[in-house]
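Let's take a walk through this protein together. Have the sequence and the 3D view ready.

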Amino acid sequence: MISQWQLRAAFAARLSEMYGREVPAYTTLVDVSHEVNADTLRARGADAERLGSIGRVTAERHGAIRVGTPAELRDVARIFGALGMRPVGFYDLREAAASAVPVVSTAFRPVAPEELARNPFRVFTSLLTPADPRFFDADLRSRLETFLAGRELFPPELLHLADRAEAERELPEAQAMRFLHLAVQAFELSAEPIDQAWYEELERVSAVAADIGGVGSTHINHLTPRVLDIDELYRRMTDRGIEMIDTIQGPPGWKGPDLLLRQTSFRALAEPRAQRRPDGSITRGALRVRFGEVEARGIALTPAGRALYDRLLSLVDDEAARHPAADRTELARTLWTAHVPATERELAAQGLAYFTYRAAPERPRDGTRPPSGIAELESQGWVRAEPVVYEDFLPRSAAGIFQSNLSGEGSRHAGREGTAYDSDWLSGAIDREVLDPYALYERQQGLSIAAVGRELGLDLGLDGTRR
């Protein structure tokens, strides 16, 4: 029998192999990531593994896919449910992007710490929003929804096997191999000709809309390795002659703890695609829709920490507007250094980031009564704090990656009112609860505090204070 986590690990590995064949520059990205990780590990030693073992970091991937309808997203949820992955977080890229990106998104990933440790594969999944009149008028919406309703992304056999794997949390080996084959095949780039006129009509609205609704299938848009030093990777990829996007999205590089998520990518490549002209003839064209993203993960921030991050983003925008000739990265680094605590202990003390706690083996054992709060326990050597890795995404960063790889800005009718979507709507659309990432981090931290309290004979609340 093949367990869910083994299915997840095998699927991630097979998807990576397939994507490397389809997009050779991705293989270069993975190779450079491995080089940078090995060099960083040699230079920094154990400190380099503070946010995950080198084994986990090396194997770690996140993918990105796009679908057109809630029904298609429900099927995606069934496939990833087979792999022990649940929908976490709601991201509205329509509001985060300056250009036309008419999608809302969630991420499917493992949620239990032990499952993340085994294999942390996650897939950022975007859903097209044809009902949003800022992008699609009534006629185009009707034709787009008709087109989407007429396609089948996932064969019934794949969905049947997915349901069995989710229900039983494993599959017999033969069925597991069949499931993996069908699942990887479903996300390969199709060789079917694209209706040129239809694709171009959608592309005038949004290149993302065309990539989703202008074809009869879906595919992996990018597959992302994790790197320990993203600035060094950016430099090495550029030295190899690979064109990278202009910036690294997310927090700036600085001397304090790594926080949240930093991302960058090489630019979308012109890939040959067969296209059907209006007269029925087939021509060879090229589309730029797939790119190579890479990420560096940091510490998960609490709602208060995230509010600080969002406020600093606004301050950077204001400073960049006042000083258009200034280096935006340097502006961000200066503000970050001035406003963000420079140590993990300060982050924890101010309630800005999540940590797990465990009793220190070398704690006092002479009958001394331990202090009453988790902060004092940590500062006085009774417990050790380990940062919780940020497992999720940043909508502005995701939108920035999307925008950097678009061939045009598309069109948006700013005067029209957009259609409302939120986490509750998405939960109903896919018949599954979209989990709150903050609740997951809070629970992980709280359970560790409770365990420390039991071991030290203290009645500690989830917030780390004595009750």
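Predicted model: local features only at pLDDT ≥ 70, side-chain atom pairs only at ≥ 80, totals over all residues.

Residues are numbered from 1 along each chain as its sequence is written, and side-chain values use heavy atoms, with hydrogens and water left out.

Let's begin with a sheet. Strands β7, β10 and β11 make an open, mixed sheet in the order β7-β10-β11. At its edges sit β7 (194-195) and β11 (282-287), each pairing on one side only. Strand β10 (residues 271-276) runs antiparallel to β11, and six bridges join them; in that pairing, arginine 276 has isoleucine 282 of β11 as its bridge partner. Helices here (H or I, at least four residues) and strands (E, at least two) are DSSP runs, numbered from the N terminus, and two strands pair if DSSP finds at least two bridges between them.

Now look at helix α10 (residues 196-205). Its buried residues are Gln196, Trp198, Tyr199, Leu202 and Val205, where buried means under 20% relative accessible area (1.4 Å probe, protein chains only). Their cover includes α7 (138-149), β7, α11, β10 and β11.

Helix α11 (residues 207-213) holds alanine 209. Why does alanine 209 count as buried? Because its relative accessible area is 0%. Beyond neighbours within four places in sequence, alanine 209 is in contact (heavy atoms within 4.5 Å) with Pro102, Leu128, Phe136, Leu202 and Gly214.

Another strand, β12 (residues 292-297), is mostly covered, with six of its six residues buried. Gly292, Val294 and Ala296 lie on one side, and Glu293, Glu295 and Arg297 on the other. Strand β9 (residues 261-266) pairs with β12 in the antiparallel sense over six bridges, and leucine 261 stands opposite arginine 297.

Finally, where is there open space? The largest pocket is lined by 26 residues, and Thr247, Ile248, Gln249, Gly250 and Arg328 lie nearest its centre. Elements giving two or more residues to that lining are α12 (230-239), α13 (303-322), α14 (328-339) and α17 (395-404). On a 1 Å grid over the protein atoms alone, a pocket is an open set of points where a 1.4 Å probe fits, with protein on both sides within 12 Å along at least five of seven lines; lining residues have an atom within 4 Å of a point.

Terms used. Buried < 20%, exposed > 50% of the residue type's maximum accessible area, 1.4 Å probe, protein only.
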